[in-house]
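Dear colleague,

I am passing on the structure below, together with some notes on what came out of looking through it. Please read the notes alongside the sequence and the coordinates.

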Amino acid sequence: MTKGLFTRANIARTLLLGFFLLFTFAPLYWMFITSIKPSDDYLAVPPVWFPAEPTMLHYTAALFAYRGLDGLINSVIISAAATLLSTVLGTLMAYSLARFNTGGQHLSFWVLSQRFLPPIAIVLPIFLIYRAVGLHDTHLGLIIAYTVFTLPVTVWMMFAYFRQMPKSLEEAALVDGCTRWQSLWRVAIPLAMPGIVAAAVFAFIACWTEFFFALILTSQTAFTLPTVFRAFLGFQGAQYGEASALAMVSLVPSIILGILAQRHLVRGLTLGAVRG
Amino acid sequence: MSAPATRFDTLSEWSDRHFKWLLVAPAVLLILALSVYPLLFSVWVLFVNYDFTVPGHGFVGLRNFTRVLADPVARWSLWVTVLLSTINVAIEFLLGLALALAMVKNFRGRGLIMSLLIIPLFISPVIVGQAWALLLQRPFGPTNYVLSQILGFEVTIGWLTQAPWNFIALVLADVWQWTPFMFVILLAGLTAIPPNLYEAAELDGVDGWRAFWWITLPQLGPMIMLAITFRILDAVRLFDTIFVMTGGGPGTNTYSSSFYLYTLGFTQFHLSEATAGAWMFLVITAILITFLVRRLLKAEPT
């Protein structure tokens, strides 16, 4: 292995990664700059790549004048509650599927198929039902919808996790006189904790970034952060700064969470089909 | 067990006996209530007149279906969906594969670059659309300026309002967000290929492109199928970036199926027609799922 630093493969790799990183960061950089740029600089030619006098004005406007703060609070409440529900129910179900083969292949594949239903087919009737029972535009309504929408991923991630976990410790607990519930609660759950945390992180990110359900199932009360962007559409340019500021507020938490859980990313993206 | 059974014992014995069903019950009930029941309910909606602009729910037979089928926008939107998802997934696959090949060997800074490359996966598609709109929009976005500087003549493209540039803009946003998805899965596949295969091949004088063609691609096969299947099933839902970037426009030029059905149901309030269209879309998707997942299960050695 005495190949030089400037082999053709090395140069190609550096160029490819360099270009792709530039591609990845160009929109993020421009959005960040727009969020701190005074409105007077918007139409300057050549474009202002970095504002001489950065301003936080757009952030306060986005959060208060455009109800971004309400959206943020709703997003936190709804995503956290749905994540909790989805993780608890999903873990229990996954344990049963993995250890007892409950319902055979049919049940597990039925859950998986839910992941691939087109949302538009589900959301129309849910909208009608929610209006009829008073769940439209409520926190509870969106929490339930998000729980169901994240369950397939949670179940399949934890299904894969429990299957590769040895069951000898749980069996030992049963021999020692534990009930099934105790062996689940005291042995299996603590052992599976890293997997459970990872599943929860991905469920949270999915809820945090979701737009379609929130657009249709909420309006003035339970609206989430992504739906606040509706306010900035169609007005040629007047609110670029506000939209960018709100975007920065929304993307920072989910990026941090995602990078913290990146070790589990492959399992998360493939619903446990591939171990990273 | 010689001790007399108390009521609590009976209960705990019962719950132990039905343990496995008690564990799945809450999740199954919730999915039944919020996915299966709505779908069944919507079967009734299909054949009546459920329209916020017309009072009452009279039986109308198949009229909801025939109206959607007769609508040229419905057919156009299906075509847009097929076209955009094919182009998106193809580009994402090729770019993702190239990135995975570039990242498979260890080098300095690899961990950091890995973390940076996956960032788009954790951003709401609405924000991705917003970011690209900011970058491309005329006259505010810097794209036309940069292109003018590079090309040496004045570029004035309406990226969000002129065909075919509006499609290119939508593809850019989708490729930006989902190439990392392909990359991450394909990289996991590449890492799993046993290195002794390459060593043996090298002894036989097989290396470079031929090794890629005869070892890497076949070994990666199941993983490629998996990544493309998962991606296609999400790509056909395309909605968020269209909503933010083009609003379906100009006119109905960039309507995807989801966007068309959304406007039919929620801006024109023809809920029954939208439901009929959604069912047809569901059937098409189900056929696609069956086809893709079959092939996927066949490709998987396990």
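**Notes on the predicted model**

Just after helix H5 of chain A, A:Gly134 adopts a positive phi of about 80°. Please bear in mind that this is a predicted model. Helix H5 itself covers residues 119–133 of chain A, and its 15 residues reach 20 Å from the first C-alpha to the last, close to the 21 Å expected at 1.5 Å a residue. Within H5(A), the buried residues include the run A:Ile120, A:Ala121, A:Ile122, A:Val123, A:Leu124, A:Pro125, A:Ile126 and A:Phe127, and A:Tyr130 is buried as well.

Turning to the contact between the chains, 76 residues from chain A and 71 residues from chain B take part. On the side of chain A that touches chain B, helix H1 (residues 8–35) gives the most, with 13 residues, and the residues of that side divide into 57 nonpolar, 17 polar and two charged.

One helix pair across the two chains may interest you: the axes of H10 (residues 240–260) of chain A and H6 (residues 125–136) of chain B come within 10 Å and cross at roughly 140°, which makes H10(A) oblique to H6(B), since only angles over 145 degrees count as roughly antiparallel. The crossing of these two helices, H10(A) and H6(B), is left-handed. H10(A) contributes A:Tyr240, A:Ala243, A:Ser244, A:Ala247, A:Ser250 and A:Leu251 to the contact, while H6(B) contributes B:Ile127, B:Gln130, B:Ala131 and B:Leu134. By class, this contact of H10(A) with H6(B) has seven nonpolar and three polar residues, and no charged ones.

With best regards

Technical notes. Residues are numbered from 1 along each chain as its sequence is written. Chains are lettered from A and ligands numbered from 1 in the order in which they are written. This is a predicted model: local features need pLDDT of at least 70, side-chain atom pairs count only at pLDDT 80 or more; totals for chains, interfaces and linings use all residues. Axes are lines fitted to C-alpha atoms, for helices over the stretch in contact, and angles run from 0 to 180 degrees between N-to-C directions. Helices (H or I, at least four residues) and strands (E, at least two) are DSSP runs, numbered from the N terminus. Angles under 35 degrees count as roughly parallel, over 145 as roughly antiparallel, 65 to 115 as roughly perpendicular and the rest as oblique. A crossing is left-handed if the near helix is turned anticlockwise from the far one by less than a right angle, and right-handed if clockwise. Two residues are in contact if their C-beta atoms, placed from the backbone, lie within 7 Å. Ala, Val, Leu, Ile, Met, Phe, Trp, Tyr, Cys and Pro count as nonpolar, Asp, Glu, Lys and Arg as charged, and the others, Gly among them, as polar. The expected span of a helix is 1.5 Å times one less than its number of residues. A residue is buried if 20 or more other C-beta atoms lie within 10 Å of its own, exposed if 12 or fewer, and partly exposed in between; C-beta atoms are placed from the backbone.
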